Amino acid sequence: MNNVGKQAAPRWMWLALTWTGLGLGTAGTVLPVLPTTPFLLLALWAGSRAMPRLRYRLYRHPRFGGPLRAWQRHGAIPVGAKWLACGLMAASLASLWLTGADPALLAGLGTLFAAAGTFVLTRPSRVEPTRIATRCQPTP
């Protein structure tokens, strides 16, 4: 098989994408129309390619590791995160409406937030624990 033209992206490209995602995600924490989570997920995805140890550390982090592994393996989002995401989207739309934003912008963002909220709410909330078989335990 010929691998010409199928080289992996250089490390600096992954790092640039990581820092761009982190920067936009950070800006999204204070700007109502800029989402935070998608950019942070982008930073995690790109960062794990630039720095494999980052992925290892995040997946084993006591606070963030469980939800990250649940999302990666099963597409699960915890109930609290679902409420927070939908609440923040509603608050963002309400703040724009209260500041007199253009109706076309409100309609577009309302549609976008409704689609994002539907996606978030239709993901599983919990992942059932799976049994891990070892050599010492017979499997049922």
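Trp 14 counts as buried in this predicted model, because its relative accessibility of 18% falls under the 20% limit. The ring of Trp 14 takes part in an aromatic pair with Trp 45, which is edge-to-face, with 5.2 Å from centre to centre and 85° between the planes. This pair links distant parts of the chain, since Trp 14 belongs to helix H1 (residues 11-28) and Trp 45 to helix H2 (residues 37-50), 31 residues apart. Trp 45 is partly exposed, at a relative accessible area of 40%. Arg 49 also lies over the face of Trp 14, at 5.9 Å from the ring centre.

The count of aromatic pairs comes to 2, and the other one joins Trp 71 and Phe 119, whose planes stand at 75°, over the 60 degrees required, so that this pair too is edge-to-face. Here again distant parts of the chain are linked, with Trp 71 in helix H4 (residues 65-74) and Phe 119 in helix H6 (residues 103-121), 48 residues apart. Trp 71 is partly exposed at 32% relative accessibility, and Phe 119 is likewise partly exposed, with a relative accessible area of 41%.

| Aromatic pair | Centre to centre | Angle between planes |
|---|---|---|
| Trp 14 and Trp 45 | 5.2 Å | 85° |
| Trp 71 and Phe 119 | 6.4 Å | 75° |

An unreviewed UniProt entry lists residues 12-31 and 104-122 under "transmembrane region". In the model, the chain over residues 12-31 is 85% helix and 0% strand, with its end C-alpha atoms 28 Å apart, while residues 104-122 are 95% helix and 0% strand, with end C-alpha atoms 27 Å apart.

Technical notes: Residues are numbered from 1 along each chain as its sequence is written. This is a predicted model: local features need pLDDT of at least 70, side-chain atom pairs count only at pLDDT 80 or more; totals for chains, interfaces and linings use all residues. Side-chain values use heavy atoms; hydrogens and water are left out. UniProt positions are given in the numbering used here, feature names are shortened, and annotations may be inferred rather than shown by experiment. Helices (H or I, at least four residues) and strands (E, at least two) are DSSP runs, numbered from the N terminus. Rings of Phe, Tyr and Trp (its six-membered ring) pair if their centres lie within 6.5 Å; planes under 30 degrees apart count as stacked, over 60 as edge-to-face and the rest as tilted. Buried means under 20% relative accessible area, exposed over 50%, partly exposed in between (1.4 Å probe, protein chains only). A charge sits over a ring if NZ of Lys or CZ of Arg is within 6 Å of the ring centre and within 35 degrees of the ring normal.
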